[in-house]
Amino acid sequence: MYNYMGKDNLKSSGPITIKDISERLHVSSVSVHRALAGKEGVSEKLRSQIVQTAKEMGYEFNYAAASLKRKTCRVAAVLPQDNGLYFDYIWKGLNASAKEVKGLNVEVEEMVCMDEEHQYELLKKIADAGTRYTGVVTFSYTRRRNVLMQFQRLVTQGVMTVVIDDELAEPEGLYCIPCNEKSLGHVAAEFLSLITPETGSVLVSRGRPDSKIHANKVESFIYYLNEKKPNLKVHIVEGYFNNRDEVVCEAIYRALMENPDTVACYALTAHENSPMVQAVQKAGMEEKVSVIGTDLNDITTHLLKTGQLKAVINQAAYMKGYTGLNILVDRMVKNIEPPLRIDCPIDIILQSNLSFFERSDNIIAWR
């Protein structure tokens with residue numbers, strides 16, 4: 001809905017109509033209606049001009065009423081799932097958006113993928129279905145060729161596709177919500193540099209061994225920390241071991257024993273938050289080692305409140321899911337062309353500002 005209060009709107013004695021817009025632009029009311037409703041029959045240049053003028057004049061389009069006259073927009077959500085961690089919050093954000101657009105004749109079909117091969121199979125099934133789906137929200141694992149080929153098929157068929165946690169130049173036409181892993185590494189390193197001494201060791205978990213995103217984040221973290229505190233030694237420890245916390249905990253514990261000068265630990269993913277805290281406690285090093293976690297959820301909220309985590313670097317999982325579906329609705333229903341890349345915020349959450357994020361409508365999924 002357009003709600004911009006421009007000068008024309010302030011001067012108007014009533015709501016702006018299609019006739020008002022047509023008179024302003026000297027075009028027919030039929031052309032204005034087609035442009036605002038996303039129908040054929042007007043050039044993209046004129047459509048853009050009409051949409052912009054409508055926005056400036058404060059025109060409010062009844063998308064719900066218009067949706068009753070068109071066929072259902074069916075969106076497939078092809079995403080992994082975990083238990084209360086990163087992907088769970090992406091789903092919660094997407095579902096919150098789905099509830100908001102329920103009256104716009106948009107249906108979301110949830111397809112949980114177990115791994116990248118399963119994702120490929122689901123995407124192929126969607127592409128094979130032809131015109132059944134209008135849009136897809138999915139996730140990038142490791143850019144496997146067969147998955148990218150399905151992205152290409154979807155885009156070619158006119159299925160609007162949003163990819164979370166990647167920025168893909170090919171195939172053209174994808175809408176991406178990037179992970180910004182280099183910035184995440186920098187943010188974590190800069191915060192650690194502010195709370196650590198000049199010397200000692202820092203442990204960082206590796207994340208998934210086959211994830212380019214995780215590798216980039218580790219590299220970015222090490223590079224930036226070396227710039228800020230060159231005398232700190234960074235040690236990479238294994239993590240994300242098939243969701244087996246005890247294996248990760250033991251690997252971190254051994255690294256702590258081998259490096260008794262450790263002053264800080266950074267959990268690269270949400271999977272390593274609890275194992276890292278447990279390992280520090282097992283080593284009896286709670287008083288000297290600051291632990292930085294990733295992603296705000298029920299577990300990290302508790303660890304922050306109890307002081308077991310010094311901070312959490314939040315990757316806005318909830319907002320990514322919420323934004324992913326909104327991108328599709330803007331284009332498919334409201335005829336608003338979104339940018340091909342949309343960034344979601346990176347936040348540092350401390351015990352002192354935790355209550356703000358718990359109250360926020362845009363960050364936490366338990367509202």
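Start with the second largest pocket, which holds about 670 Å³ of space. A pocket here is an open set of points on a 1 Å grid over the protein atoms alone, with protein on both sides within 12 Å along at least five of seven lines, and lining residues have an atom within 4 Å of a point. Grid points are joined across faces, edges and corners, and a volume is the space filled by probe spheres set on the points. Select Phe-87, Arg-208, His-214, Tyr-240 and His-271, the closest to the pocket centre of the 33 residues that line it. Helix 6 and helix 10 (212-228) are the elements that give two or more residues to this lining. The largest share, three residues, comes from helix 10. By class the lining has 13 nonpolar, 11 polar and nine charged residues; Ala, Val, Leu, Ile, Met, Phe, Trp, Tyr, Cys and Pro count as nonpolar, Asp, Glu, Lys and Arg as charged, and the others, Gly among them, as polar.

The model is predicted: local features need pLDDT of at least 70 and side-chain atom pairs count only at pLDDT 80 or more, while totals for chains, interfaces and linings use all residues. Residues are numbered from 1 along each chain as its sequence is written, and side-chain values use heavy atoms, with hydrogens and water left out. Helices (H or I, at least four residues) and strands (E, at least two) are DSSP runs, numbered from the N terminus.

Next, select helix 6 (residues 86-100) together with helix 14 (residues 317-332): their axes come within 6 Å and cross at roughly 40 degrees. Axes are lines fitted to C-alpha atoms, for helices over the stretch in contact, and angles run from 0 to 180 degrees between N-to-C directions. Helix 6 and helix 14 are therefore oblique to each other; angles under 35 degrees count as roughly parallel, over 145 as roughly antiparallel, 65 to 115 as roughly perpendicular and the rest as oblique. The crossing of helix 6 with helix 14 is right-handed, a term used if the near helix is turned clockwise from the far one by less than a right angle, with anticlockwise being left-handed. Residues in the contact (heavy atoms within 4.5 Å) include Tyr-89, Gly-93 and Ser-97 of helix 6 and Tyr-318, Gly-321 and Leu-325 of helix 14. The contact of helix 6 with helix 14 has 10 nonpolar, four polar and three charged residues.

Move to helix 4 (residues 44-57), which packs with helix 2 (residues 18-25) at an angle of about 115 degrees, their axes 10 Å apart. Helix 2 passes helix 4 in a right-handed crossing. Show Asp-20, Ile-21, Arg-24 and Leu-25 of helix 2 against Gln-49, Ile-50, Thr-53, Ala-54 and Met-57 of helix 4. These divide into five nonpolar, two polar and two charged residues.

Ser-31, Val-32, Arg-34, Ala-35 and Leu-36 of helix 3 meet Arg-47, Ile-50, Val-51 and Ala-54 of helix 4. In the loop between helix 2 and helix 3, find His-26, which has a positive phi of about 60 degrees although it is not a glycine.

Now select Pro-171, in the loop between strand 4 (160-164) and strand 5 (175-177). The peptide bond from Glu-170 to Pro-171 is cis, with omega near -5 degrees.

Finish with the cavities, sets of points where a 1.4 Å probe fits but cannot get out. The structure holds three of 30 Å³ or more. The second largest cavity has a volume of about 50 Å³. Its lining residues include Pro-178, Cys-179, Leu-184, Lys-320 and Ile-346. By class, that lining has seven nonpolar, two polar and one charged residues.
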